[in-house]
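Here is a friendly walk through one protein model, from the whole chain down to a few side chains. Please keep the structure open as you read.

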Amino acid sequence: CCSDEAVSEPIKERVGHCCVIVNSEKGAPSAADDIKKDFTNTLALPSNSQRKRLTVSAESSVLTPGESPPWVDYRNGKLHVQGLRELFAGSSPSTKRAVSMSSTTDERVDRKSSFREKDREVICPEGHEGREAELIAWLSEIGVAWACKKGLKPESPNQDSFSVLAVEDTFILIGVYDGHGPQGHDVSEFARMNIVRLFLAHPERQTNPEAAFGDVFVQCQELIAKTMPGHVCNDSGSTCT
């Protein structure tokens, strides 16, 4: 989490990685435009077809396109699954805006071409459906921008994930999850969903967020080992920043 000036050059050298930028000057609507321009410029750079990452990727996800993960129960809605219902309860489009915007495993899985943006989902408070574009524009206005592009491994889906949770005049919670290993994209997606959910439910998240995150990382690791198939969590993983 840093100013766009501090990371604009490294972005050009790390095509295919995921990042979220918070502009140091509130109310700078150009932040999103600048980062998109940086990534667009990389498309003209020559690429080495022999370039390989050190990780080995599976040819596809453990999920089929459009399938919900077996470790997620959406019957009570995404607000409930991600722990957002209570947090969003007091929000209002006119007085207190709130939105959750995050990546989601690509619908086309490994068939999306290099440098394409990863699929994303936007969750609004109940009753605010249809205001997604307005709330995304608000994030840009307060200096938040993001990019999550697929790299140069054609056989693999984009393994990185990110999340942005913002409640006006309260807090902004940003996460970047770098998946690695054959099913790294599934692990980073799992971490993306559960790190946020567990943190919001932690009793010390407001008084001692550092301790809360320490507990949450351990809890998420335990959930991965307990919930995901053994061949996934034994050979794959994800970082979290």
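Of the 241 residues in this predicted model, 47% count as buried, meaning under 20% relative accessible area with a 1.4 Å probe and protein chains only (over 50% is exposed, and in between is partly exposed). The protein exposes about 12500 Å², with carbon and sulfur atoms supplying 50% of that area; accessible areas come from the Shrake-Rupley method with a 1.4 Å probe, and for residues only the protein chains shown count as cover.

The model is predicted, so local features need pLDDT of at least 70 and side-chain atom pairs pLDDT 80 or more, while totals for chains, interfaces and linings use all residues. Residues are numbered from 1 along each chain as its sequence is written, and side-chain values use heavy atoms, without hydrogens or water.

Eight helices and seven strands make up the secondary structure; these are DSSP runs numbered from the N terminus, with helices (H or I) of at least four residues and strands (E) of at least two.

| Residue | Relative accessible area |
|---|---|
| Q159 | 5% |
| C148 | 0% |
| C220 | 4% |

Where does Q159 lie? Q159 sits in the loop that links strand 4 (144–148) to strand 5 (160–167).

Now to the cysteines. The structure holds zero disulfides, a disulfide being a pair of cysteine sulfur atoms within 2.5 Å. For C220, the nearest cysteine sulfur belongs to C240 and is 7.6 Å away.
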